[in-house]
Amino acid sequence: MTSPLRRPLIAGNWKMHRTVDGSVELARALADTARVGPRTDVVVAPVFTALHAVAKALTGTAIGLAGQHCHWEDQGAFTGEIAPPMLKDVGCAWCLVGHSERRQLFQETDAMVHRKTVALRRHGLRPIVCVGETLAERESGVTFEVLRRQWEGALGGLTGDDARAFVGDVVLAYEPVWAIGTGRTAKASDAQSAHAYLRDRIRNDLGEVADGVRILYGGSVKADNAAELLAQPDVDGLLVGGASLDAAGFARIIQAAG
Ligand code: PGA
């Protein structure tokens, strides 16, 4: 049975798109169009430069704010980086961690994912930790091994109650790399089996805390396939890239969550 802790979460990752004005316009259009159900969480992740303005535009709406990335230190000589307390200061309650673009293009490792997740939790921000296999990994039959390695990497050796508390604060996002930005969505049944694998893994290691962990699917989600993905028993929400840049389309995806 789906736990009541697993409120559907629909997250829009705007990636490196939109100026400040363009982001505010998109946020306003979304706030005007989207009907967010009382049991659904919605967040958007604009570029850093637009966070402050979008936070203002979304004040009083049911749409929350996420960073796309952060550093693990609170401050210091880390040119170009941004710290969790700064995300919090600007109005974020969430942050993506370990997106495959960060892992592939910016050499973000499992160890970094762990440190960032710990830092976000320390500041009361909710990490959305992304995992997922490449096409080559899927074709060579190692999908579950990759998911396991990335999950264990995020956990970073924590065990027992420490691990349970960590998991209780984290949202996972299964994003097969081959489905991101390609128009090639995972079949709902493939998404379900990856999500069920992750939940079983957590249950085996840590017990029933697994039943409350939200696991989002991401990778070419559109208004047309959102409902089928959300109908899978272990799919607790969606992480949406390209389709979140269109307010009307993203509003339909939100609607699919109820
Ligand atoms: P996409 O991106 O929806 O454009 O495939 C998803 C993501 O990268 O989070």
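Analyst: For sorting residues, Ala, Val, Leu, Ile, Met, Phe, Trp, Tyr, Cys and Pro count as nonpolar, Asp, Glu, Lys and Arg as charged, and the others, Gly among them, as polar. This is a predicted model, where local features need pLDDT of at least 70 and side-chain atom pairs 80 or more, while totals for chains, interfaces and linings use all residues. Residues are numbered from 1 along each chain as its sequence is written, and side-chain values use heavy atoms, leaving out hydrogens and water.

User: How much space lies in the largest pocket?

Analyst: Rolling a water-sized probe over the atoms shows where empty space is left. Here, the largest pocket holds about 430 Å³. (A pocket is an open set of points on a 1 Å grid over the protein atoms alone, where a 1.4 Å probe fits, with protein on both sides within 12 Å along at least five of seven lines; lining residues have an atom within 4 Å of a point. Points join across faces, edges and corners, and the volume is the space filled by probe spheres set on them.) Of its 16 lining residues, Lys15, Met16, Gln68, Arg102 and Phe106 come closest to the centre. The lining splits into seven nonpolar, five polar and four charged residues. Helix H4 (residues 100–105) gives the most, three residues; helices are DSSP runs of H or I, at least four residues, numbered from the N terminus.

User: Is Thr117 buried or exposed?

Analyst: Thr117, in helix H5 (residues 110–122), is buried, because its relative accessible area is 0% (buried means under 20%, with a 1.4 Å probe and protein chains only).

Conventions. Helices (H or I, at least four residues) and strands (E, at least two) are DSSP runs, numbered from the N terminus. Buried means under 20% relative accessible area, exposed over 50%, partly exposed in between (1.4 Å probe, protein chains only).
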